[in-house]
Amino acid sequence: MLNKIGLIGGGNIGGVLFAEIAKRRLAKRIGLIDVKPPDLAKGKALDIAEGSPTIMADFDYDASKEYDALEGSDLVINTAGVPRTKRPDGTIPTREELLATNLKITKSVAEGIQKYCPEAIIVSIANPLDAIVYTLYKILNPPKNKLMGMAGQLDSGRYRYFIAKEAGVSVENVEALVLGGHGDTMVPVRSCCRIAGMPVEKFVAADKLEAIETRTRKAGGEVVGLLGTGSAFVSPAWAALEMTEAIIYDKSKIVATCALLEGEYGIDGLFVGVPAILDAGGVKKVVEVDLSEGEKAALAHSVEAVSKTCAEVDEMLAGL
Ligand code: APR
């Protein structure tokens with residue numbers, strides 16, 4: 001159990017996070033900041049606190065429109081930003097199209113962290129994922145272990161779910177990994193996909209695998225299209241909590257993580273989705289997977305997309 005977990009943004013994902021942190025008893029105190037009037041943060045926190053006797057979970061909280069609610073947090077999870085929402089004409093924006101709006105929000109997020117919990121480990125969820133993590137890095141310049149993004153574990157979860165249903169086995173039997181940026185170029189790594197330790201090809205035909213990998217890359221958009229307003233929020237919150245629990249319980253667990261690369265995979269200075277060992281200090285080590293030539297090329301293509309969005313971040317930050 002941590003002393004305090006700070007949550008930035010109390011919308012759909014932030015709400016699930018708050019409730020789960022309380023239910024799983026992950027922190028003695030929860031801090032929630034959300035700028036939405038009249039006082040979304042206080043409202044969400046009070047609602048959940050009033051349910052705490054029912055689930056028999058003691059916790060204290062600070063909830064506010066101001067960033068002082070984060071004061072003293074050991075770990076913060078950032079969900080501040082607009083989600084993808086289906087447009088009136090039925091089209092769905094890419095995550096990258098959220099950049100201009102969410103980058104400005106991220107600047108105030110970074111200032112809040114800097115002021116009230118500069119030592120905290122940061123797990124960021126806001127989109128465009130890789131670029132927002134990069135923005136936090138540019139403004140805060142934290143040590144490599146203390147800043148990470150949540151995306152790959154969600155994307156891997158989606159891949160695992162689709163495979164489990166196709167193979168007719170429990171989701172518990174399926175191991176999978178999605179590498180690269182959290183966008184349409186992400187790379188489901190078939191060579192890492194196993195069912196109870198056996199190669200996935202033993203259970204699922206090649207054409208079905210192809211279709212599942214395409215669906216995985218577009219899975220976020222599929223949910224956006226169905227919800228009508230906003231994007232997926234339960235599965236992202238659970239994936240972030242898997243990362244958080246690996247840290248809280250000092251598990252040294254390998255989790256698909258958007259981590260700073262400093263030469264790993266031949267990439268330098270970008271945050272990209274890779275497997276990483278997470279322990280009490282955050283990112284302990286990036287794990288390099290042996291990739292096929294095709295997978296290497298797909299990863300390079302995905303990194304190109306991340307690099308392009310980060311170049312836009314650099315430009316926008318210079319203009320702020
Ligand atoms: N500080 C704190 N909270 C903020 C700020 C800010 N500067 N700006 C906006 N917010 C809050 C909003 O008021 C809103 O309540 O962030 C919350 C975001 O919640 P939702 O709109 O419900 O979005 P959610 O589904 O939770 O997704 C959040 O994560 O997956 C990504 O694409 C998604 O970028 C989006 C983010």
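Residues are numbered from 1 along each chain as its sequence is written, and side-chain values use heavy atoms, without hydrogens or water. In this predicted model, local features need pLDDT of at least 70 and side-chain atom pairs count only at pLDDT 80 or more, while totals for chains, interfaces and linings use all residues.

Trainee: What separates the centres of domain 1 and domain 2?
Mentor: The chain is divided into domain 1 (2-149) and domain 2 (152-319). These bounds come from an automatic or database domain assignment. Taken over C-alpha atoms, the distance between the two centres is 21 Å.

Trainee: How many residues of domain 2 are in contact with domain 1?
Mentor: Contact means heavy atoms within 4.5 Å. Domain 1 contributes 41 residues. On the side of domain 2, the number is 51.

Trainee: Is Y265 buried or exposed?
Mentor: Y265 sits in the loop between strand 12 (253-262) and strand 13 (268-279). Helices (H or I, at least four residues) and strands (E, at least two) are DSSP runs, numbered from the N terminus. Y265 touches L179, V274, P275, V286, V287, E288, V289, L291 and L299, not counting residues up to four places away in sequence. Its relative accessible area is 16%, so Y265 is buried.

Trainee: What is the handedness of the crossing of helix 5 and helix 6?
Mentor: The axes of helix 5 (residues 152-167) and helix 6 (residues 206-217) come within 9 Å and cross at roughly 145°. Axes are lines fitted to C-alpha atoms, for helices over the stretch in contact, and angles run from 0 to 180 degrees between N-to-C directions. A crossing is left-handed if the near helix is turned anticlockwise from the far one by less than a right angle, and right-handed if clockwise. This one is right-handed.

Trainee: Which residues of helix 6 make the contact with helix 5?
Mentor: Helix 5 supplies D155, Y159, F162, I163 and E166. From helix 6 come K208, L209, I212, E213, R215 and T216.

Trainee: Which residues is A239 in contact with, leaving aside its neighbours within four places in sequence?
Mentor: A239 is found in helix 8 (residues 234-248). At 7% relative accessibility, A239 counts as buried. A239 and L154 are 85 residues apart in sequence, yet 5.5 Å apart in space, C-alpha to C-alpha. The contacts of A239 are M150, Q153 and L154.

Trainee: Where is the cis peptide bond that involves P38?
Mentor: P38 lies in the loop between strand 2 (27-33) and helix 2 (40-55). Omega is about -5°, and the bond joins P37 and P38.

Technical notes:
Buried < 20%, exposed > 50% of the residue type's maximum accessible area, 1.4 Å probe, protein only.
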